Amino acid sequence: MSINESFSKIIKERRKQLHLTQEHVAGECSISTRAYQELENGNSLPSLDTLIYLAHALSLDLDTLAQELRAEKLRQAQQEEATV
């Protein structure tokens with residue numbers, strides 16, 4: 001799984017935990033709903049400014065977001081090792 005896919009999984013799960021719509025999060029980030037969907041689908045990564053707004057919209061600080069991303073990458077690596 002790529003960094004884009006890992007990032008998209010984290011933000012999608014967090015958005016759903018908070019019961020937010022894609023439109024709401026996009027508005028909080030000052031980006032279009034389509035641009036947010038591209039992030040959530042793993043087709044792009046956010047700019048630094050958008051990342052900061054995104055963390056705020058999802059009630060995360062950047063450290064927590066980075067830790068979740070690292071943890072997701074570790075889980076993926078462990079799964080890959082288990083299948084080898």
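The chain folds into five helices and zero strands. From the N terminus on, the order of elements is α-α-α-α-α. This is a predicted model.

**Overall shape**

- Along the principal axes, the C-alpha atoms fill a box of roughly 45 × 25 × 25 Å.
- Of the 84 residues, 32% are buried.
- The accessible surface is about 5300 Å². Carbon and sulfur atoms account for 51% of that surface.
- Among contacts with a separation of 6 or more, 66% link residues 24 or more positions apart.

**Nonpolar core**

- In soluble globular proteins, nonpolar side chains tend to be buried together.
- The largest nonpolar core here has 16 residues. Those touching the most other members are Phe7, Ile11, Val25, Tyr36, Leu54, Leu58 and Leu65.
- Helices H1, H2, H3, H4 and H5 each supply at least two residues of this core.
- Beyond four places in sequence, leucine 65 touches Phe7, Ile10, Leu51, Ala55 and Leu60.

**Helix H4**

- Helix H4 spans residues 48-57, and its buried residues are Thr50, Leu54, Ala55 and Ala57.
- Viewed down the helix axis, these buried residues fall within an arc of 160°, so they line one face of H4.
- An α-helix has 3.6 residues a turn, so residues three or four places apart point the same way.
- Leu48, Asp49 and His56 are exposed on the other side of H4.
- Cover for the buried residues of H4 includes helix H1 (3-17), helix H2 (22-29), helix H3 (33-40) and helix H5 (62-83).
- Serine 59 follows H4 and has a positive phi, near 55°.

**Glutamate 40**

- Glutamate 40 sits in helix H3.
- Its relative accessible area is 4%, under the 20% cut-off, so glutamate 40 counts as buried.
- The side chain of glutamate 40 makes a polar contact with the side chain of arginine 15 at 2.7 Å. It makes another with the side chain of glutamine 22 at 2.8 Å.
- Outside four places in sequence, the contacts of glutamate 40 are Ser8, Ile11, Lys12, Arg15 and Gln22.
- Glutamate 40 and tyrosine 53 are 13 residues apart in sequence, and their C-alpha atoms are 15 Å apart.

**Asparagine 4**

- Asparagine 4 belongs to helix H1.
- With 18% relative accessibility, asparagine 4 falls under the 20% limit and therefore counts as buried.
- A polar atom of the asparagine 4 side chain lies 3.4 Å from the backbone oxygen of glycine 42.
- Not counting residues up to four places away, asparagine 4 touches Gly42, Asn43, Ser44 and Leu45.

**Proline 46**

- Proline 46 lies in the loop between H3 and H4.
- Neighbours within four places aside, proline 46 is in contact with Phe7, Leu39 and Leu51. Phe7 and Leu51 are also among the residues that leucine 65 touches.
- Proline 46 and glutamine 17 are 29 residues apart along the chain, with 21 Å between their C-alpha atoms.

Terms used:
Residues are numbered from 1 along each chain as its sequence is written. This is a predicted model: local features need pLDDT of at least 70, side-chain atom pairs count only at pLDDT 80 or more; totals for chains, interfaces and linings use all residues. Side-chain values use heavy atoms; hydrogens and water are left out. Buried means under 20% relative accessible area, exposed over 50%, partly exposed in between (1.4 Å probe, protein chains only). Helices (H or I, at least four residues) and strands (E, at least two) are DSSP runs, numbered from the N terminus. The arc is that of the directions from the helix axis to the C-beta atoms. Contact means heavy atoms within 4.5 Å. A nonpolar core is a set of buried Ala, Val, Leu, Ile, Met, Phe, Trp, Tyr and Cys residues joined through side-chain atoms within 4.5 Å. Accessible areas come from the Shrake-Rupley method with a 1.4 Å probe; for residues, only the protein chains shown count as cover. A polar contact is a pair of N or O atoms within 3.5 Å; within protein, one must be able to donate a hydrogen and the other to accept it, and residues adjacent in sequence count only if both atoms are side-chain atoms.
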